[in-house]
Amino acid sequence: MNWTDLTIFPAVPELVLTVVLFTVLLVDLWLNDKQRWITCTLSIIGLIITATAQFLVWKEQPQYAFHDMFVLDGMAQLAKICMYILVIALFIYSQSYLRAKNIYQGEFYTLTLFALLGMNIMVSACHFLTLYVGLELLSLALYALIALQRDSGRAAEAALKYFVLGALASGLLLYGISLIYGATGTLQLQQVLAASQNSANPWLLKLGVVFIVAGIVFKLGGVPFHMWVPDVYQGAPTAVTALVGTAPKIAATVFAFRILVYGLLTQWESWRELLLILGIASLLVGNLAAIMQTNIKRMLGFSTVAHMGFILLALLAGQTGCTAAIYYAITYALMASVAFAILMLLSGRDVECQNISDLAGLNQKNAWYAFLMLLAMFSMAGIPPLMGFYAKLAVIKALLASGYLWVSVYAVVMSLIGAFYYLRVVKTMYFDTHNSVATFNMTFLGKVVLSVNGLLLLLWGVVPDSVMAWCVQALLHS
């Protein structure tokens, strides 16, 4: 055996994260409820150490490990750094919320770290089995997290729905992988790409693509595999919803990029038509369904379906489109992080900020938090000069450059429709009568991080080229 093929250097951050995970797990066993802040602090410090290790192992050229089953390239590096930051922010935001809801438990932190490890494996995998292992590690952790609030029937129902649908989607994906293996004789993505050019079983390959696209669209939350999204967003504790709606979207986007571009680019005609149809349907269903919602978490769930439609359409537009897709995923994660942090801020022991009406008069009670929520809503609606506008513009420009004129016009029209329900939230905060729901239940550090997070939507909207340049460089080094 050539041991140089098994070098673990590119995977050092994952090993560090694993050590952090088990350290947090063991330390938490010896802590009582009043000492749970130690678990939170240890998790945050561990993620900072992991992020530091991520920077230390980075090289401009892709690095492979474990017989070319694992790669550290520009796309993986960018995605991992963003996911570390988002999870650290989540831990800071959620501390007071978890305590108020009596779910301030070590399981939240260990399961979240398990989910993050799964996401890391997903974005660095260049072998179908490694991709599948990362996906299942993420999914299993999320199933348990959604049901973390054990006395909530709605949370248990959401977890069960997600588990059943997730098991079905995993089965479809695994069946598609088996068909790809049957057609090409390999599961390594680059070898699949080479073998698929002259496959003796082209129809088997096309059938495999259909099943794999179904699995990808489920994980992104696109139509017709989208109904778990609003149910999970509404039923799960808001801290868990904030996790489901942020970092995994970046991981799923890179996951789709790895499979479709790295492994199945020769089947572009096959998956292009599927993504086009599903992306268009996601924009339509997501926006129209969101208009009818009065529960803000459910509304954000359906709006996520529409946002994922943009990402699916972006993947059609070649290299420029892939850059726009990862930029859009990062932008959406930042926007959702602000929105769900505000909902946690406004929730207390006996109140849960669930309905749009719960935000009524927020500007009268605290103008700053109303402004941060306004930034998140306007950015999701694509109103300039916020980051969300530039993300939508990047996707539309990529589609136009690839000749999708009517799709671009359709995406603009859907964005205008979607602006209605975001503006309704802003109208409720600024013009409706004040109520007593707001409790501002968050630590001082959480409020500072939330303010920075919200202002970044404005700053990177005014100066968007810096983040886009990171995405371009990440793709060039992949």
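## A walk through the predicted model

The model is predicted: local features need pLDDT of at least 70, side-chain atom pairs count only at pLDDT 80 or more, and totals for chains, interfaces and linings use all residues. Residues are numbered from 1 along each chain as its sequence is written, and side-chain values use heavy atoms, with hydrogens and water left out.

The most to this patch, three residues, is given by helix H18 (residues 405-431); helices (H or I, at least four residues) and strands (E, at least two) are DSSP runs, numbered from the N terminus. Leu 405 is placed in H18. Leu 405 counts as exposed because its relative accessibility is 56%; the classes are buried under 20% relative accessible area, exposed over 50%, and partly exposed in between (1.4 Å probe, protein chains only).

Ile 291 belongs to helix H12 (residues 268-291). With 25% relative accessibility, Ile 291 counts as partly exposed. Contact means heavy atoms within 4.5 Å, and apart from neighbours within four places in sequence, Ile 291 has contacts with Ile 417, Phe 420, Tyr 421 and Arg 424. Between the C-alpha atoms of Ile 291 and Gly 118, which are 173 residues apart along the chain, the separation is 34 Å. Another separation of 34 Å is found between the C-alpha atoms of Leu 393 and Thr 50, 343 residues apart along the chain. Leu 393 sits in helix H17 (residues 387-401), and its relative accessible area of 31% makes Leu 393 partly exposed.

Thr 238, in helix H10 (residues 238-244), is buried because its relative accessible area is 0%. Leaving out neighbours within four places in sequence, the contacts of Thr 238 are Tyr 97, Lys 297, Phe 340, Leu 343, Met 344 and Glu 352.

Next comes a helix pair. The axes of helix H14 (residues 318-345) and helix H19 (residues 444-462) come within 10 Å and cross at roughly 140°. Axes are lines fitted to C-alpha atoms, for helices over the stretch in contact, and angles run from 0 to 180 degrees between N-to-C directions. H14 and H19 pass each other in a left-handed crossing. The contact involves residues of H14 including Tyr 327, Leu 334 and Met 335, and residues of H19 including Lys 447, Leu 450 and Trp 460. A crossing is left-handed if the near helix is turned anticlockwise from the far one by less than a right angle, and right-handed if clockwise.

A salt bridge is a side-chain nitrogen of Lys or Arg within 4 Å of a carboxyl oxygen of Asp or Glu, and by this rule there are nine salt bridges. Asp 231 pairs with Lys 161, with the closest N and O atoms 3.3 Å apart. This pair links distant parts of the chain, with Asp 231 in helix H9 (residues 228-235) and Lys 161 in helix H6 (residues 153-184), 70 residues apart. Lys 161 is partly exposed at a relative accessible area of 34%, whereas Asp 231 counts as buried at 17% relative accessibility. Asp 231 also forms a salt bridge with Arg 298, the closest N and O atoms being 3.0 Å apart. Here too distant parts of the chain are linked: Arg 298 is in helix H13 (residues 296-314) and Asp 231 in helix H9, 67 residues apart. Both Arg 298 and Asp 231 are buried. A network of salt bridges connects Glu 157, Lys 161, Asp 231 and Arg 298.

The peptide bond from Val 223 to Pro 224 is cis, with omega near 5°, and Pro 224 lies in the loop between helix H8 (202-220) and H9. The bond from Pro 384 to Pro 385 is also cis, with omega near 5°; Pro 385 is in the loop between helix H16 (367-381) and H17. Phe 66, which is not a glycine, has a positive phi of about 55°.
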